[in-house]
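Visitor: I am new to this structure. Please take me through one part of it closely, step by step.

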Amino acid sequence: MSWQNEMTIIVRHLINDLDSSSYTFTDSRVEESILVSAQLVLHEVDFESSYTVDVDSLTLTPDPTANSGSDGKDDGFISLVSLKTGCLLLGSEMKTNALSAISLKDGPSAIDTRGIVQGLNILYMDLCKKYEDTKTQYKLNGIVGKAILGPYSPGSDSIARQRLDNRWGYFE
């Protein structure tokens with residue numbers, strides 16, 4: 001299946017887990033996380049295609065990365081699910097490192113691993129903010145202003161009357 005290849009690569013780039021000799025997360029863990037994220041994103045966003053997620057059997061249908069069919073590739077779904085997956089995986093990594101973070105001082109020597117958690121927290125917060133911004137942008141794509149200034153929206157008739165009263169747009 002194509003989504004497993006393409007979306008796994010995207011997620012690995014988002015979380016900077018690129019060294020194949022020492023992956024932090026296995027491919028099966030990333031694929032499972034993609035499906036969990038897809039299930040969560042489907043409850044937050046309405047897509048043009050209707051996706052079916054089965055986490056137990058590791059299936060996602062239809063394939064959002066396939067170029068076949070009338071819809072083609074669903075870049076919005078791929079982006080949102082990949083960002084959500086990166087957010088989930090970085091949260092998991094942050095929790096794991098936070099549970100093992102220590103600070104030791106013995107005379108002139110000191111060991112402090114709390115900085116790793118702080119760095120991961122910055123990456124986690126940034127990626128989650130990017131997800132929320134992308135989700136908002138996807139939901140508002142092409143709709144901004146139409147709900148407020150559309151011809152049938154409440155209040156638009158008062159704007160039209162005001163233009164006629166003040167002769168806006170007619171003699172400018």
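Guide: Start with the lining of the largest pocket: H3 and H4 each supply at least two of its residues. Keep in mind that this is a predicted model. H4 gives the most to that lining, with five residues. The volume of the largest pocket is about 200 Å³. It is lined by 13 residues, and the closest to its centre are Ile15, Asn16, Leu90, Leu120 and Leu123. Sorted by class, the lining has seven nonpolar residues, four charged and two polar.

Now turn to the disulfide. The structure holds one. Its partners are cysteine 87 and cysteine 128, with their sulfur atoms 1.7 Å apart. These two cysteines link distant parts of the chain, 41 residues apart. Cysteine 87 sits in helix H3, which covers residues 75-99. Cysteine 128 sits in helix H4, which covers residues 114-140. The link is right-handed, with 65° about the S-S bond.

Are these cysteines buried or exposed? Buried means under 20% relative accessible area. Cysteine 87 has 9% relative accessibility, so cysteine 87 counts as buried. Cysteine 128 has 15%, so cysteine 128 counts as buried too.

Note on methods. Residues numbered from 1 in each chain as written. Predicted model: local features only at pLDDT ≥ 70, side-chain atom pairs only at ≥ 80, totals over all residues. Heavy atoms only, no water. Disulfide = S-S within 2.5 Å. Helix = DSSP H or I, 4+ residues; strand = E, 2+ residues; numbered from the N terminus. Buried < 20%, exposed > 50% of the residue type's maximum accessible area, 1.4 Å probe, protein only. 1 Å grid on protein atoms, 1.4 Å probe; cavity = no way out; pocket = protein on both sides within 12 Å on 5 of 7 lines; lining within 4 Å. Points joined across faces, edges and corners; volume = space filled by probe spheres on them. Nonpolar A, V, L, I, M, F, W, Y, C, P; charged D, E, K, R; others polar.
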